[in-house]
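Here is a short report on one protein chain. Look at the sheets, the helix packing and the charged pairs in turn.

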Amino acid sequence: MGGSSSERDVSLASGVQVVKALLARGHQVAAIDTYHGKLDDAQLAALLEAGVRPAAPSERELAIVRRKTGSLIQPGLFADADVIFLALHGGTGEDGTLQAVLDAAGLTYTGSGHVGSAAAMDKDLAKRLFTSVGIRTPAWRMHPIDPRKAAAQLGLPLIVKANRQGSTVGLNLVHTEAELGPAVDAALAVDREVMFEQFIPGRELTVGVLHGEALAVGEIFPKGSGIFHYDEKYQPGGAKEVFPADLPPPLYEALQRDAVAAHHALKLGDYSRADFRLDPEGSAWCLEVNSLPGLTSASLLPKSAAAVGMGFPELCERICQLALQRRIN
């Protein structure tokens, strides 16, 4: 857990919740922060109490973390581990880089392999794969297209976002041409690639997938701007989330099918979470799929699982079992 991406705080919050859950199921757990190394009980307790700050870590804070990258390769760190539980979000922890290293080392880990992880993290590539299997996704253009040309083609308002970031970091809803430049700059501050995406008004929906099967569909009601921003995702009372979502059965089942289809299109592994917009005409649009979705107390995947009768400790244990089954097979 931890990592050096803008989602570091979220990852730490996920990690301590997973540790707590697996300990409750009777497992031996070592907590590894990629910056600090192995964490003791006092450090874990402090993280558990701290939660997620309202704003993502600054680039200056992350630069300090990135200077110390050796904690994951300490000799013998995983010598006694049956499975490595990846509670990393964004950056090299979710984009397939770490997964490729673990594959090369012959270590068993949770989640998806390096190919699927890379495909899901790259929103441009993911949308191309969605389109190839008939999953509806908002139209998009990639920088360095002239922002005004992108706005003319996609219409205003439109979404400007970093291509390889999560938790809406570097994302803005742009209403006027004057807002395009600052939005592009905000995205470029956290990523080298910027996406311009058609804005789909309507309802915000999400679907968890576990072992190739859809969990419950949920609906998100942001308290603020209508975009489910970072602070709303991780602060108490930031948004209202309803599982299962109040939808007609045919639409509910169609969303579940699309979530599973997107999961397979990206060649993902044990679990994922797909995010959708439902427009006023009742059409669902897949925005993205998270290969390592959040596992904090406020996260959507655990709520999606809980709505089908699977508690958080059971979910974490099941994710470990799926990884171990791959090793055996």
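## Strand pairs and sheets

Lysine 240 in β9 is the bridge partner of phenylalanine 221. The model is predicted, so to speak of local features a pLDDT of at least 70 is needed, side-chain atom pairs count only at pLDDT 80 or more, and totals for chains, interfaces and linings use all residues. Residues are numbered from 1 along each chain as its sequence is written, and side-chain values use heavy atoms, with hydrogens and water left out.

Helices (H or I, at least four residues) and strands (E, at least two) are DSSP runs, numbered from the N terminus. Strand β8 (residues 213–222) pairs with β9 in the antiparallel sense over four bridges; two strands pair if DSSP finds at least two bridges between them. In a regular strand the side chains alternate between the two faces of the sheet. Buried means under 20% relative accessible area, exposed over 50%, and partly exposed in between (1.4 Å probe, protein chains only).

An open sheet is formed by four strands in the order β3-β6-β4-β5, with antiparallel pairing. Which strands stand at its edges? They are β3 (140–142) and β5 (172–174); each has a single partner strand, so one side of each lacks a neighbour in the sheet. Neighbouring strands of this sheet are turned by 25° against each other on average, direction ignored. Strands β4 (residues 158–162) and β6 (residues 194–198) pair in the antiparallel sense over five bridges. Valine 160 has phenylalanine 196 of β6 as its bridge partner. Helix α9 (residues 180–188) packs on the sheet and touches β4, β5 and β6; its direction makes about 25° with that of β4. Axes are lines fitted to C-alpha atoms, for helices over the stretch in contact, and angles run from 0 to 180 degrees between N-to-C directions. Contact means heavy atoms within 4.5 Å.

Helix α7 lies across β3, β4 and β6 and runs at about 140° to β3. The axes of helix α6 (residues 114–121) and helix α7 (residues 123–132) come within 5 Å and cross at roughly 100°. That makes α6 roughly perpendicular to α7 (65 to 115 degrees). Ala119, Ala120 and Met121 of α6 meet Lys123, Leu125, Ala126 and Leu129 of α7.

## Charged pairs

The whole structure holds 16 salt bridges. A salt bridge is a side-chain nitrogen of Lys or Arg within 4 Å of a carboxyl oxygen of Asp or Glu.

Glutamate 288 lies in strand β11 (residues 284–290) and lysine 123 in helix α7, so the pair ties together parts that are 165 residues apart in sequence. Glutamate 288 is buried at 16% relative accessible area. Lysine 123 is buried too, at 6%. Glutamate 317 is buried at 14% relative accessibility, whereas arginine 25 is partly exposed at 39%. Arginine 273 and aspartate 275 are both buried. A network of salt bridges links Asp9, Arg53 and Glu61.

Technical notes
Parallel < 35°, antiparallel > 145°, perpendicular 65-115°, else oblique.
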